[in-house]
Amino acid sequence: MFDKVSKSIDSGTAVDAIYLDFAKAFDKVQHERLLHKLEKYGIRGQLLKWIKAWLNGRSQCVCLEGTVSDWVAVISGVPQGSLLGPLLFLVYINDLEEGTKSSILKFVDNTKMFRKISKAGDTRQLQEDLDVLIKEVTATVIQC
């Protein structure tokens with residue numbers, strides 16, 4: 001992004017950028033949807049079964065000031081702090097930008113959308129792309 005933005009600014013063209021950070025994004029990954037996307041990308045057989053087993057059957061509790069809550073089933077999300085968690089999340093959101101014309105860069109749960117602004121229509125297009133992205137995020141990440 002830095003390279004693209006620098007080149008635009010050096011040539012006298014403005015760039016608008018939108019920085020997005022998905023709140024609790026890792027917790028909102030729907031297991032079945034993730035497994036479907038993995039299969040779409042060619043992950044099948046034993047590896048897909050292993051990932052499914054790794055995601056399913058988890059439970060968690062909360063401990064606060066010495067008091068422990070009941071254990072509850074974890075029905076969505078990828079384990080944070082794991083090596084696979086960020087990779088699986090990126091697979092999950094890999095297609096978010098479909099239908100957009102602005103540039104998008106993703107790094108785990110942080111996303112940047114940016115566009116060169118040389119005419120009025122460019123800002124309109126950036127807003128339309130943001131609207132498309134928000135609609136897709138709402139359908140993909142937020143619904144559990």
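Analyst: Contact here means heavy atoms within 4.5 Å. The model is predicted, so local features need pLDDT of at least 70 and side-chain atom pairs count only at pLDDT 80 or more, while totals for chains, interfaces and linings use all residues. Residues are numbered from 1 along each chain as its sequence is written, and side-chain values use heavy atoms, with hydrogens and water left out.

User: Which residues does Ile18 touch, not counting residues up to four places away in sequence?

Analyst: Ile18 touches Thr111, Lys112, Met113, Leu126 and Leu130. Ile18 has its place in strand S1, strands being DSSP runs of E with at least two residues and helices runs of H or I with at least four, numbered from the N terminus. Cys63 is 45 residues from Ile18 along the chain, and their C-alpha atoms are separated by 37 Å.

User: What makes S6 and S7 a pair?

Analyst: Strand S6 (residues 103-107) and strand S7 (residues 110-117) share 5 bridges and run in the antiparallel sense. Lys106 stands opposite Thr111 in S7, and the bridge partner of Phe107 in S7 is Asn110. The hairpin of S6 and S7 has 2 residues between the strands, and Val108 there takes a positive phi near 50°.

User: In what order do the strands form the open sheet, and which are the edge strands?

Analyst: The sheet has 3 strands in the order S1-S7-S6, with antiparallel pairing. Strand S1 (14-21) and S6 are the edge strands, since each pairs on one side only. From one strand to the next the twist averages 20°.

User: Why is H2 called roughly antiparallel to H3?

Analyst: The axes of helix H2 (residues 31-40) and helix H3 (residues 45-55) cross at roughly 165° and come within 11 Å. That angle makes H2 roughly antiparallel to H3, because angles over 145 degrees count as roughly antiparallel, those under 35 as roughly parallel, 65 to 115 as roughly perpendicular and the rest as oblique. The axes are lines fitted to C-alpha atoms, for helices over the stretch in contact, and angles run from 0 to 180 degrees between N-to-C directions.

User: Which residues in H2 and H3 meet?

Analyst: His31, Glu32, Leu34, Leu35, Leu38 and Glu39 in H2 meet Leu48, Ile51, Lys52 and Leu55 in H3. The contact of H2 with H3 divides into 6 nonpolar, 1 polar and 3 charged residues. Ala, Val, Leu, Ile, Met, Phe, Trp, Tyr, Cys and Pro count as nonpolar, Asp, Glu, Lys and Arg as charged, and the others, Gly among them, as polar.

User: What makes H2 roughly perpendicular to H4?

Analyst: H2 and H4 pack at an angle of about 80°, with their axes 9 Å apart. This value makes H2 roughly perpendicular to H4. Arg33, Leu34, Lys37 and Leu38 in H2 meet Leu88, Val91 and Tyr92 in H4, a contact with 5 nonpolar, no polar and 2 charged residues.

User: Why are H3 and H4 described as roughly perpendicular?

Analyst: The packing angle of H3 and H4 is about 110°, with their axes 13 Å apart. H3 and H4 are therefore roughly perpendicular to each other. Trp50, Ile51 and Trp54 in H3 meet Leu84, Gly85 and Leu88 in H4. By class, the contact of H3 with H4 has 5 nonpolar, 1 polar and no charged residues.

User: Where does Ser82 lie, and what does the side chain of Ser82 reach at 2.7 Å?

Analyst: Ser82 lies in the loop between strand S5 (72-73) and helix H4 (84-93). Its side chain reaches the backbone oxygen of Pro79 at 2.7 Å. A polar atom of the Ser82 side chain also lies 2.9 Å from the backbone nitrogen of Gly85.

Terms used: A polar contact is a pair of N or O atoms within 3.5 Å; within protein, one must be able to donate a hydrogen and the other to accept it, and residues adjacent in sequence count only if both atoms are side-chain atoms. Two strands pair if DSSP finds at least two bridges between them.
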